[in-house]
Amino acid sequence: MHRRITGQLVIATHNPGKLAEMRELLAPYGIQAVSAGELGLGEPEETGDTFQANARIKAEAAAQAAKLPAFADDSGLAVEALDGAPGIYSARWAGPNKDFGAAMAQIERLLQERGATTPAQRKAHFVSALCVAWPDGHVDDVEARADGTLVWPPRGTAGFGYDPMFLPDGFDRTFGEMTSIEKHGLPPLGLGLSHRAKAFVKLAEICLAG
Ligand code: IMP
């Protein structure tokens, strides 16, 4: 049985960009979102081996510490020809300086080594896992993906991370060439294309709407 969220929700992130995006998505539902950072909660180690496991670790830690329902996400890019890498290590591939130019170049090098030159050999997907955990141990989780092809060289300066290399299926612009509203925004303004937007819609259906 899923549980409806009403009132206060902790967003288990210390990342201001994610917090702003999540607050925007939650605002229409009348949810007051307070972040783990604002509450001074610590950051647990992400020791899971799936996106879902890591989202759950973050949500459960925040719910226990704050004694409020808590929401967390985990995401990344899985490249099919690289057996799903960088996957849960997507942020780490950019190193301490968060150099995603270098991380994208590394992916391209590995694709070239494997002779992955045609679009069919260069399929990849972004994954977003979302979890809401409650202080009494109840958990709801959802996951969604955005499918596409990796292009080289990267195109566009919008977005973040691996966006400039990712051409979503059915479009001729990379995520790096789209506005944030197009990529993450929900219709009618946005296209609801991103893994995060799709996962959020699923979560809204089970935990927020109505
Ligand atoms: P985390 O979810 O904070 O663990 O970080 C996931 C990492 O995956 C980010 O640092 C990005 O490198 C990558 N990533 C996740 N979502 C996106 C996206 O929408 N565009 C580009 N890169 C992404």
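# Notebook: ligand shell, pockets and cavity

I began with the shell around the ligand, which by class has 5 nonpolar, 5 polar and 5 charged residues. For the classes I counted Ala, Val, Leu, Ile, Met, Phe, Trp, Tyr, Cys and Pro as nonpolar, Asp, Glu, Lys and Arg as charged, and the others, Gly among them, as polar.

Ground rules. I worked on a predicted model, where local features need pLDDT of at least 70 and side-chain atom pairs count only at pLDDT 80 or more, while totals for chains, interfaces and linings use all residues. I numbered residues from 1 along each chain as its sequence is written, and side-chain values use heavy atoms, with hydrogens and water left out.

**Entry on the ligand.** I looked up which residues come nearest to the ligand. Of the 15 around it, they are Lys18, Ser75, Phe100, Asp163 and Lys183; a residue is near if one of its heavy atoms lies within 4 Å of the molecule. I then went through the polar contacts (pairs of N or O atoms within 3.5 Å; within protein, one must be able to donate a hydrogen and the other to accept it, and residues adjacent in sequence count only if both atoms are side-chain atoms). A side-chain N or O atom of Lys183 is 2.7 Å from an oxygen atom of the ligand. For Arg196, I noted 3.1 Å between a polar side-chain atom and a ligand oxygen. The side chain of Asp74 has an N or O atom 3.2 Å from an oxygen atom of the ligand. On its own the ligand has 490 Å² of accessible area, and the protein covers 88% of that. The areas come from the Shrake-Rupley method with a 1.4 Å probe; for residues, only the protein chains shown count as cover.

Which elements give two or more residues to this shell? They are β3 (70–79) and α5 (195–208). The largest share, 3 residues, comes from β3. I took helices (H or I, at least four residues) and strands (E, at least two) as DSSP runs, numbered from the N terminus.

**Entry on the largest pocket.** I searched on a 1 Å grid over the protein atoms alone: a cavity is a set of points where a 1.4 Å probe fits but cannot get out, a pocket is an open set with protein on both sides within 12 Å along at least five of seven lines, and lining residues have an atom within 4 Å of a point. The ligand takes up the space of the largest pocket; to sit there, more than half of a molecule's atoms must lie within 2 Å of the grid points. I noted a volume of about 1200 Å³ for this pocket. Grid points are joined across faces, edges and corners, and a volume is the space filled by probe spheres set on the points.

The lining of the largest pocket has 46 residues, with Asn15, Lys18, Ser75, Ala91 and Phe160 nearest the centre. At least two lining residues come from each of α1 (16–26), α2 (51–66), β3, α4 (180–184) and α5. β3 gives the most, 5 residues. By class I have 17 nonpolar, 16 polar and 13 charged residues in this lining.

**Entry on the second largest pocket.** Its space is about 280 Å³. Of its 15 lining residues, Glu24, Leu25, His184, Gly185 and Leu186 lie nearest the centre. α1 and α4 each supply at least two residues here, and the largest share, 4 residues, is from α1. I recorded 9 nonpolar, 4 polar and 2 charged residues for the lining of the second largest pocket.

**Entry on the cavity.** How many cavities of 30 Å³ or more are there? I have 1 on the list. The largest cavity has a volume of about 40 Å³. I list Ile11, Ala12, Thr13, Lys18, Met22, Phe71, Ala72 and Asp73 as its lining. The elements giving two or more of these residues are α1 and β3, and β3 has the largest share with 3 residues. The cavity lining divides into 5 nonpolar, 1 polar and 2 charged residues.

**Entry on the backbone.** I looked for cis peptide bonds. One joins Ala85 and Pro86, with omega about -5°; Pro86 is in the loop between β3 and α3 (100–113). Another joins Trp152 and Pro153, with omega about 5°; Pro153 is in the loop between β5 (139–150) and β6 (166–168). I also noted Asp83, a residue other than glycine with a positive phi, near 55°. Asp83 is found in the loop between β3 and α3.
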